[in-house]
Amino acid sequence: MPSARPPASLASSSSEPSYSPLPAGATTHPDDRDDRSPSTTPTGNSSSKPASASSAANAQDKDKPRLTEQEKKNNHIASEQKRRAAIREGFDRLTELVPGLEGQGRSESIVLRKTVDFIQLQLQERQELIAEIERRGGRIDDSFRT
């Protein structure tokens, strides 16, 4: 079964450009921003930095425009797509590793159930092999028993 790959814009690699919610070459104008409230802590109070650090941070905050609601939404959508692609890749990888899943539809519940069954079978076989080694007089280090 061929594994599904996320679109190039969602792939996470240091050699690829990161996803931007804006079309290529698009810029935002500071007047287009709708959220201009000052930065506060979760309690609603201004941060308690020393005066010199606070004034330097305020100067940087004024130069750095805030994200618009649309930009926040686009970033959230991109993050969710990336998360789903990672889950999809994980299930695709399981279908490659677990016997009996090749060629089946990608039902996540079936993949998970058969993966659990396969792991339990592997653990049981391991215990049987350890017992066989000991029956024949071999010794097994305790670190291999768990």
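Residues are numbered from 1 along each chain as its sequence is written. Because the model is predicted, local features need pLDDT of at least 70 and side-chain atom pairs count only at pLDDT 80 or more, whereas totals for chains, interfaces and linings use all residues.

The protein has three helices and zero strands, and its pattern along the sequence is α-α-α. Helices (H or I, at least four residues) and strands (E, at least two) are DSSP runs, numbered from the N terminus. Of the 146 residues in the protein, 13% are buried, where buried means under 20% relative accessible area, exposed over 50%, and partly exposed in between (1.4 Å probe, protein chains only). The accessible surface comes to about 11,500 Å², and carbon and sulfur atoms hold 53% of it; such areas come from the Shrake-Rupley method with a 1.4 Å probe.

Two packed helices are described by the angle between their axes and the distance between the axes. Helix H2 (residues 69-97) packs against helix H3 (residues 108-135) at an angle of about 50°, with the axes 10 Å apart. This angle makes H2 oblique to H3, since angles under 35 degrees count as roughly parallel, over 145 as roughly antiparallel, 65 to 115 as roughly perpendicular and the rest as oblique. Axes are lines fitted to C-alpha atoms, for helices over the stretch in contact, and angles run from 0 to 180 degrees between N-to-C directions. Phe91, Leu94 and Thr95 in H2 meet Glu108, Val111, Leu112 and Thr115 in H3, contact meaning heavy atoms within 4.5 Å.

Asp141 lies in the segment after H3. With a relative accessible area of 48%, Asp141 is partly exposed. Asp141 and Ile130 are 11 residues apart in sequence and 10.0 Å apart in space, C-alpha to C-alpha.

Note on methods:
Side-chain values use heavy atoms; hydrogens and water are left out.
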